[in-house]
Structure formats: C-alpha cells, structure tokens
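Please read the points below alongside the model, checking each against the coordinates as you go.

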Amino acid sequence: MFLQPAATEIDTNLRLILRRMNGTPTWLLLLLLSLCAVAWSVPVDRNGANQEPKEEVPEENMDTGLYYDRYLREVIEVLETDPHFREKLQTANTEDIKNGRLSKELDLVSHHVRTRLDELKRQEVSRLRMLLKAKLDSTNTQSLQMDHASLLKQFEHLDPHNQNTFEAKDLELLISTATKDLENYDAERHEEFKRYEMLKEHERREYLKGLDQEKREKEEKRMQELKEKHRQHPKVNAPGSVAQLREVWEETDGLDPQEFNPKTFFKLHDTNEDGVLDEQELEALFTKELEKVYDPKNEEDDMMEMEEERLRMREHVMKNVDTNKDRLVSLDEFLKSTEKKEFNNPKEWETLDTKPAYTEEELQRFEAELRDKEEELKRRAETLRQEQELLKERGKALEAQRREYQQAVLEMSQRQKEQPVVDGQPPAGPNGELQFQPESQKQEDKEAKAPAEHEAEVQNNLPAEPPQNLPIHT
C-alpha cells in the first residue's frame, strides 16, 4: 500500500521546478495538468466568506489528452512515494532533466517502488499489444506474420526492447515524449475544432440538398436567423485587459471596481496559493466573458465553439504576459503586463463568429476526404457482404451433407431390420438394435437344457430290442 502525498504539495514542488527551467516546456507541465489538486480552478466568491466551511470534495484529475495519460500519472504517483526521488525532484534543474541525470536517480529508489514500476510497465506493454492487435484486425492484416516487438517501436514513451522492467531509459523516454506531445497539444486542439466546424457545415449542406425548393428556402432562412441571433451579444472585453479584470473583480469577487488592485487580484485567483497562475486558473477568469456569447440553453450557441474561444483567450494572455514561456504567469509577469499600453487600451476582441475557422478550399479538401472514406467503407461493406454470402453457401452445403448422412444411417438401419437372424448372432430389437442376453440368463438356459440332452444320450446307448418268436436254445 503506497502512501499518496498531498496533491497541493506535489503541485507546489513541480511548479518550483518548472519555474527554474527558464521557459523550457518539460514533462512537469504534464504533471501540473494531471496531478494538480484543482483541475479547473474557479473564481473566488467573496459573497460567501461568512458561510460555514463546506466539506471538501476531492476533484477528479484532469486528463492530459495523451493516449498514455494513465500510465504517465501512475508512474509519477508511484515515484512521488519515494522520499529520495521527491527530494531530487525539488532540486532538479533544466540540465538535470535534459541530460537524463534525473532519470538515473531511479536506481536509488526503494525496492517496492521499483517493483510497482515494473508492474506498471508490463501493464502498459500489454495494453499496447492489445491496441496493435485491434489495429491489425481492423485492417485484415495477419498478426501471426507480424513482429510485435518491432511494432512496439512506434510507441516512443517506453523502451520496447525491455518489456518487463522499468529502467532509467523508460523514465527518460517518458519525459521527452510527453514534453514533445504537449507542445503540440494546443495546435492539435485547434485542428480538431476546424475539422468539427467543417463537418458541421458539410452536414448542413447535405441536409439542405435533400429538401425541396420551398423547404430549403425556409430552412436556410431559419438558420440565418439563428446565426444573426448568436451575433447579437454584449461586447466582449479583451482577455487580460483592465476592463476584463475589473469585471471579474466586481461581479465575481464582489469587490468595489474603484478599489481594483492587480496584486490583490492575482492573489485572489491564485487559488492553490503556489505563487503562479496556471492555464486552468487563467481560463477560469474568462467565464464571465464567455457567458456573454454562449448559453447552453440556446439552440444557436455551440458549446464546442465556447471551449475553442476559451482556448484562444488563454493563448492570447499567455502570449502577452508569459514572458519566459513556461506556460505559467508569475506575480512579476502579471504586474508588468498591467503597465503596458495594451492593458488599458486593448484592441477589440474578435469572437469566432466574426470569421470562419476554415476556407472554402479547406472545406472542399475535407469533403473529398469524406468521399474517399465513404468509398472505402462501401468497398469494405461489399467485401463483408460477399464473405457473408460465401458463408451462407457453405452453410447450405454442410446442411445438405448432414441430411445425406442422416439418410444413409436410416437406410442402413432398415436393412439391418430386414436381414434374417444368423446362428450365433444376437437377435435384433424392434428398432434394429442387437439384443444381448446377460451371462446369468445364458447359464440358466444351459442348465435347463442339460437333463434333456443326457436323457437323449442314454436312449441312444441302449441295446436294440431282440426279435420276437425266435426259438429258444437250451
């Protein structure tokens, strides 16, 4: 049983290390995302300051979005249980992580921690093998002809040559791969949203094509009205501007807007009191602005677009405030941003509805991809249909063969009934089966026949009766 360290303590240690890294994104960013006690920070409600304290409910860890997220979190949680590794983690710097020196500390952790890490790796390898098998099955590839050890090489977060034990190289690969993947995470989210918007437009056009002229015009008018209704929203303040922060200060924190103080504001919204604002604490500041544009009760408001807007706002603030690019906003960085001209006189914020997320050319390429995929699915469906027909034909042939066998058995049984009983052969029953008598019955029959046979034998051995009327000799 491993003791789980407090999430806030882990979070503080990791943030301290990250600030030492001078802007280099590392595996610790992933740890922040997955191990922080407050996965989605919420603004402070000053109106409830006098209420009785409520029982704390542990919040669910936020998924990093990586396909090996669970493996990553479990490895870090196990390592955090070792006092030696935790101490080294607090004093690590950029070079320690880059040159693998931190990974070499793995050799000094306790035996039960190493045993648990070995178990985690074997579980991960087993999971990856199942993924490979599912992929090969879906492509109709004969897995027996594949070298699974070679296929595991495509997964970069562990050492495929050693599938049984967790070594220093595994920790080093996990660090480097998670760092690289996370750097591309926001870009992938933007691309995913673009594809979502193109699919939505494609389905809209296909839906309209299926309507007659009158219904199509009516539906197009209704959709345009919804679009216009969505655009009719209050002005959205630029994220990170004085107007946006004052609004949070007044409406969320319940404080006098005339007494706005950037330093106090920072401390109010550093909800875990670690001295920095992380990405989730920043995104929580944009809730009021997003509520001006999106309402989940309205048909015209898309919540997927709201999350994309939140991501754009966070990136905007990070670009202007996070000067050392460590994806965290320190108090010093925050105060310096309030001294810039853009803080008091920002450009008007353009929401997603002001311009499309894609071009017409990109939409056409996307639709061509959809058509290709649809054709591929049709081909596979036809192949499956042909295979199904073949199985049906084979089933019919097997059924006919079974009936032939049954008929042959019936005919053989009938012939056996009609044949006379041969000496020494047991008599046949009513259904043609052979009837055998038990040994006891045979012995009784034999004993019953013995006296009769003996009497017959005596009669045969008596002398013949002498002839009558012959002369008597003296």
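The numbered points that follow take up selected features of the model one at a time.

1. On the basis of the note: this is a predicted model, in which local features need pLDDT of at least 70 and side-chain atom pairs count only at pLDDT 80 or more, while totals for chains, interfaces and linings use all residues. Residues are numbered from 1 along each chain as its sequence is written, and side-chain values use heavy atoms, with hydrogens and water left out.

2. On aromatic pairs: the structure holds seven of them, a pair being rings of Phe, Tyr and Trp (its six-membered ring) with centres within 6.5 Å, called stacked when the planes are under 30 degrees apart, edge-to-face when over 60 and tilted for the rest. The rings of F193 and Y196 have centres 6.3 Å apart and planes at 35°, so this pair is tilted. F193 and Y196 both belong to helix 10 (residues 185-209), where three residues, about one turn of the helix, separate them; helices here are DSSP runs of H or I with at least four residues, strands are runs of E with at least two, and both are numbered from the N terminus. F193 is buried, with a relative accessible area of 6%, whereas Y196 is partly exposed at 27%; buried means under 20% relative accessible area, exposed over 50% and partly exposed in between, with a 1.4 Å probe and protein chains only.

3. On a pair that spans the sequence: the rings of F266 and F334, with centres 5.6 Å apart and planes at 50°, are also tilted. F266 lies in helix 13 (residues 262-269) and F334 in helix 17 (residues 331-337), so the pair ties together parts that are 68 residues apart in sequence. Both F266 and F334 are buried, and together with W249, F260 and F265 they form one aromatic cluster.

4. On salt bridges: there are 37 in the structure, each being a side-chain nitrogen of Lys or Arg within 4 Å of a carboxyl oxygen of Asp or Glu. One of them joins the side chains of E279 and R327 at 2.8 Å, N to O, and this pair links distant parts of the chain, with E279 in helix 14 (residues 279-284) and R327 in the loop between helix 16 (303-321) and strand 2 (329-330), 48 residues apart. Both E279 and R327 are buried.

5. On salt bridges within a helix: K292 and E289 meet through their side chains at 3.0 Å, N to O, and both lie in helix 15 (residues 287-293), three residues apart, about one turn of the helix. Both K292 and E289 are buried. R402 forms a salt bridge with E399, the closest N and O atoms being 2.4 Å apart, and both of these residues lie in helix 19 (residues 360-418), again with a spacing of three residues. R402 is partly exposed, with a relative accessible area of 39%, and E399 counts as partly exposed at 28%. Elsewhere, salt bridges that share partners join D186, E279, E283, R314 and R327 into one network.

6. On the nonpolar cores: the largest has 28 residues, of which F265, L282 and V329 touch the most other members; a core is a set of buried Ala, Val, Leu, Ile, Met, Phe, Trp, Tyr and Cys residues joined through side-chain atoms within 4.5 Å. Helix 12 (242-252), helix 13, helix 15 and helix 16 are the elements that give two or more residues to this core, and helix 16 provides the largest share, five residues. Leaving aside neighbours within four places in sequence, L282 is in contact (heavy atoms within 4.5 Å) with L277, R314, V317, M318 and V329. A second, separate core of 27 residues includes V75, L79, V109 and L152.

7. On R129: this residue is found in helix 7 (residues 111-138) and is partly exposed, with a relative accessible area of 39%. Leaving aside neighbours within four places in sequence, R129 is in contact with L152 and Q163. R129 and L152 are 23 residues apart in sequence and 7.6 Å apart in space, C-alpha to C-alpha.
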